[in-house]
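Hi,

Here is the structure I promised to pass along. Have a look at it first, and then read on for my notes.

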Amino acid sequence: MSFKKKKKSFIILDSGIGGLYILKKIYKYIPNNIKIIYFMDNLKFPYGNKNYLYITKRIFKIIKYLNKIYYIKIVVLACTTASIASLKYLKKKFKFPIIGIYPYIKKKIKKTKQKNILLIGTYLTINSYHVNNIIKKYLSKNINIIKKYSSELVNQSELKINKNKINLNNIKNIFQKEINIKNLNTIIIGCTHYNFLTKEIKKVFKKEIFFIKNISRVKKKIICILSKKKYKRKKKDYFFFTKKKYKNKYIKKIFQLYKFNKFKKINI
């Protein structure tokens, strides 16, 4: 590659485009002298159906590759599954900050008065030691956590980001059992992709749903490392992907919405 390792870089890494939700929330806090690189590992999409060791090796390989080319200021693992699988290992291997994203369970749930709470995520996330340990440690016996994993929700999220119309029946089929549970109006978002589907989920439940998202903590960590100021960024950002998949019309929309300047396939 022809890039020079001069400018500081802000890396957002995900197997799909769910991490764009994080980028949208923190974009204005990233100074102009820091290059934004969104790395979509769509060759291995989704991470949620792979084992911890595989995910860790894959992400280590990607970050090591990027570190040879760029002066990395910060890496954000925009995938909850990837964070749970590899964050501890990666922090030991690299000196720059690496921020992961986890289901926000501790404080929010401890204060809630709801008896039934739905936790949605990938299979690896909601069945991980990390998540189950937090549930056991922080929750009272009066609270019932209903765990739901769905790879189809990830696919539906990608469709929506790709500006396709979402069929509500597909969402309804995923939550068929949970819709009928009484006093269920709180849902913990355990996958970054799912943040894009909150409107559709509310519609299929046909009632007001309170979503507990994990973006606020990630945003605070990023702002502390970078700056609390807000900036008007210029179009000098990069979107990398590992498998040529999306149509040109979609790529143009991504450019317009998120101000990416270059879109390039990486063989890794």
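**What turned up: pockets, overall build and cysteines**

The second largest pocket holds about 280 Å³ of space. Before going further, please keep in mind that this is a predicted model.

Its lining consists of 14 residues, and those nearest the centre of this second largest pocket are Ile84, Lys88, Tyr102, Tyr129 and His130. Two elements give two or more residues each to that lining, namely α3 (80-93) and α6 (129-138). Of these, α3 gives the most to the lining of the second largest pocket, with 7 residues. Sorted by class, the second largest pocket is lined by 8 nonpolar, 5 polar and 1 charged residues.

Now for the largest pocket, which has about 530 Å³ of space. Here 18 residues form the lining, with Tyr21, Lys24, Lys160, Phe196 and Tyr258 nearest the centre. Four helices each supply at least two lining residues to the largest pocket: α1 (20-26), α7 (151-161), α9 (198-205) and α11 (248-258). The largest share comes from α1, which brings 4 residues to the lining of the largest pocket. By class, the largest pocket has 8 nonpolar, 2 polar and 8 charged residues in its lining.

Which helices and strands does the whole chain have, in numbers? There are 11 helices and 10 strands. The chain has 268 residues, and 54% of them are buried. Among contacts in the chain with a separation of 6 or more, 77% are between residues 24 or more positions apart. The accessible surface of the chain is about 14,400 Å², and carbon and sulfur atoms account for 50% of that surface.

Last, the cysteines. How many disulfides does the model have? The count is 0. Take Cys79: the nearest cysteine sulfur belongs to Cys191 and is 6.4 Å away, and Cys79 is in no disulfide. A disulfide needs the two sulfur atoms within 2.5 Å, so the distance of 6.4 Å from Cys79 to the sulfur of Cys191 rules that pair out.

Is Cys79 buried or exposed? Cys79 counts as buried because its relative accessibility is 11%, and the cut-off for buried is under 20%. Cys224, in contrast, has a relative accessible area of 61% and is therefore exposed, the cut-off there being over 50%.

Best wishes

Terms used. Residues are numbered from 1 along each chain as its sequence is written. This is a predicted model: local features need pLDDT of at least 70, side-chain atom pairs count only at pLDDT 80 or more; totals for chains, interfaces and linings use all residues. Side-chain values use heavy atoms; hydrogens and water are left out. Buried means under 20% relative accessible area, exposed over 50%, partly exposed in between (1.4 Å probe, protein chains only). On a 1 Å grid over the protein atoms alone, a cavity is a set of points where a 1.4 Å probe fits but cannot get out, and a pocket is an open set with protein on both sides within 12 Å along at least five of seven lines; lining residues have an atom within 4 Å of a point. Grid points are joined across faces, edges and corners, and a volume is the space filled by probe spheres set on the points. Ala, Val, Leu, Ile, Met, Phe, Trp, Tyr, Cys and Pro count as nonpolar, Asp, Glu, Lys and Arg as charged, and the others, Gly among them, as polar. Contact means heavy atoms within 4.5 Å. Accessible areas come from the Shrake-Rupley method with a 1.4 Å probe; for residues, only the protein chains shown count as cover.
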